[in-house]
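I opened a new notebook page for this structure. My plan is to go through it topic by topic and write down what I find.

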Amino acid sequence: MRGVVLHAPGDIRVEERPDPMIIEPTDAIIRVTAACVCGSDLWPYRGVEKLDGPVPMGHEYVGVVEEVGSEVTTIKPGQFVVGSFWASDNTCEICRSGYQSACVHRVLMGTIGTQAEYARIPLADGTLVATPGLPEPDLVSSLLAASDVLGTGWFAAVAAQAGPGKTVAVVGDGAVGLCAILAAKQLGAERIIAMSRHASRQELARRFGATDIVTERGDEGVAAIKELTGGLGAHSVVEAVGTQEAMTQAIDSTRPGGHMGFVGVSHDVSLPGDELFFSLVHLHGGPAPVRQYLPELIDLIYSRRIDPGQVFDLTLPLDQAAEAYRAMDERRAVKALLLP
Ligand SMILES: [Zn+2]
């Protein structure tokens with residue numbers, strides 16, 4: 001099969017990879033209908049994360065089940081399925097508490113590489129959620145968004161306790177930040193402030209539910225949030241970048257007693273203990289337990305109440321994956337969808 005492999009920073013190739021096979025009896029094999037490039041794929045692409053030789057890429061996927069192992073009971077060949085970037089059994093104590101991204105049997109899908117024609121999905125019964133039928137073609141991009149960026153944005157909004165009566169600020173205008181705005185709106189937030197300086201992203205933020213836009217960053221961004229919130233800061237703040245600047249901006253934008261949800265993959269962030277101590281802010285974040293939200297998100301998408309697929313502003317055949325990475329790296333695209 002054809003699949004995307006990163007050979008060195010900036011060196012994305014689409015090449016022949018071995019066809020995936022059932023290894024564990026709990027595996028399924030899917031034919032990938034659509035995959036995409038994640039903001040987190042840019043960390044190794046840019047050389048920020050070190051590589052030990054060529055690695056398959058991709059952890060977001062929707063597809064049709066081709067084959068299942070002997071112990072798979074609920075997932076059947078022919079079903080259209082959505083899964084998260086962590087394979088999880090969905091039965092262990094951690095999964096049952098809603099933290100499938102820390103499942104005791106978890107497998108990171110990025111090690112398998114779903115930017116490919118086919119993919120092996122471990123723990124298929126726990127990992128995959130089947131849609132009610134084969135989706136209309138125009139729903140595929142939104143279902144793909146549920147696989148990561150929507151589920152991650154949703155978790156961030158929940159972690160920040162976005163809800164009725166709350167003012168929510170979102171740091172980061174990538175696909176996850178934009179989906180966090182959509183989530184905050186669905187969760188009933190009263191006011192949603194998008195922190196963005198890009199016109200096209202601001203426009204999508206407004207379509208997803210943002211009521212205000214702040215273009216300043218750092219201390220000026222914090223001051224702008226304070227000005228919009230009577231000097232107090234936002235009740236709920238989402239951090240969807242993963243840098244020191246974004247984390248500091250997010251914590252400082254949160255009012256005392258407020259909640260900050262952080263889902264940007266953390267890179268070289270350190271938090272001064274004294275600032276944390278005096279902030280009186282609740283912090284919750286990490287790799288999102290997307291699996292927890294998939295049934296609800298699929299229902300919202302199927303009933304056409306949300307349209308998160310709008311985050312994909314570039315669609316390319318799998319063979320042009322290198323251009324998809326370049327476009328996201330240069331911020332010419334918010335998020336690139338790949339069609340195998
Ligand atoms: Zn588990």
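My entries follow, one topic at a time.

**Entry 1: the model**

I note at the start that this is a predicted model.

**Entry 2: a parallel sheet**

I looked up the strand order of the six-stranded sheet first. The order reads β13-β12-β11-β14-β15-β16. The sheet is open, and its strands pair in parallel. Which strands stand at the edges? I find β13, residues 212-214, and β16, residues 282-285, in those places. Each has a single partner strand, so one side of each has no neighbour in the sheet. Neighbouring strands here are turned by 20° against each other on average, with direction ignored.

Strand β15 covers residues 254-262 and pairs with β16 in the parallel sense. I count four bridges between β15 and β16. For Gly261, the bridge partner in β16 is His284.

**Entry 3: the zinc site**

I then went to the zinc ion. Which residues supply its protein donors? My list is Asp89 through OD, and Cys92, Cys95 and Cys103 through SG. These donors lie 2.0 to 2.3 Å from the zinc ion. Along the chain, their spacing is D-x2-C-x2-C-x7-C.

The angles among the four donor atoms run from 95 to 123°. I record the site as tetrahedral. For reference, the ideal angle for four tetrahedral donors is 109.5 degrees.

I searched for disulfides and got a count of zero. I followed up on Cys36. The nearest cysteine sulfur to it belongs to Cys38, 7.2 Å away. The cut-off for a disulfide is 2.5 Å between sulfur atoms, so I leave such a pair out. Cys36 is in no disulfide. I also note that Cys36 is buried, at a relative accessible area of 0%.

**Entry 4: positive phi**

Asp268 is one of them, with phi of about 55°. I place Asp268 in the loop between β15 and α10, the latter being residues 273-279. Asp268 is exposed, at 75% relative accessibility.

Arg304 also has a positive phi, near 60°. Where does Arg304 lie? I find it in the loop between α11 (290-302) and β17 (314-317). Arg304 is partly exposed, with a relative accessible area of 48%.

**Entry 5: salt bridges**

How many salt bridges does a search of the whole structure find? I get 16.

Asp27 bridges to Arg120, with the closest N and O atoms 2.8 Å apart. Asp27 sits in the loop between β2 (11-16) and β3 (28-36), and Arg120 in strand β9 (residues 118-121), so the pair ties together parts 93 residues apart in sequence. I checked the burial of both. Asp27 is buried at 1% relative accessibility. Arg120 is buried at 17%. The cut-off for buried is under 20%, so Arg120 falls within it.

Glu66 and Arg31 form another salt bridge, at 3.2 Å from N to O. Glu66 belongs to strand β5 (residues 61-68) and Arg31 to strand β3, so this pair ties together parts 35 residues apart in sequence. Glu66 is partly exposed at 39% relative accessible area. Arg31 is partly exposed at 36%.

My next pair is Lys335 with Glu60, at 2.9 Å from N to O. This bridge links distant parts of the chain, 275 residues apart. I place Lys335 in the loop between α12 (321-329) and β18 (336-339). Glu60 lies in the loop between β4 (55-56) and β5. Are Lys335 and Glu60 buried or exposed? Lys335 is buried, with a relative accessible area of 1%. Glu60 is buried, also at 1%.

I close with the network. Salt bridges with shared partners join Glu323, Arg326, Glu330 and Arg332 into one network.

Definitions and conventions:
Residues numbered from 1 in each chain as written. Predicted model: local features only at pLDDT ≥ 70, side-chain atom pairs only at ≥ 80, totals over all residues. Heavy atoms only, no water. Pairing = 2+ DSSP bridges. Helix = DSSP H or I, 4+ residues; strand = E, 2+ residues; numbered from the N terminus. Axes fitted to C-alpha atoms, helices over the stretch in contact; angles between N-to-C directions. Donors = N, O, S within 2.8 Å, 3.2 Å for Na, K, Ca; no water. Tetrahedral: all angles 85-135°; square planar, octahedral: opposite > 155°, others 65-115°. Buried < 20%, exposed > 50% of the residue type's maximum accessible area, 1.4 Å probe, protein only. Salt bridge = Lys/Arg side-chain N within 4 Å of Asp/Glu carboxyl O.
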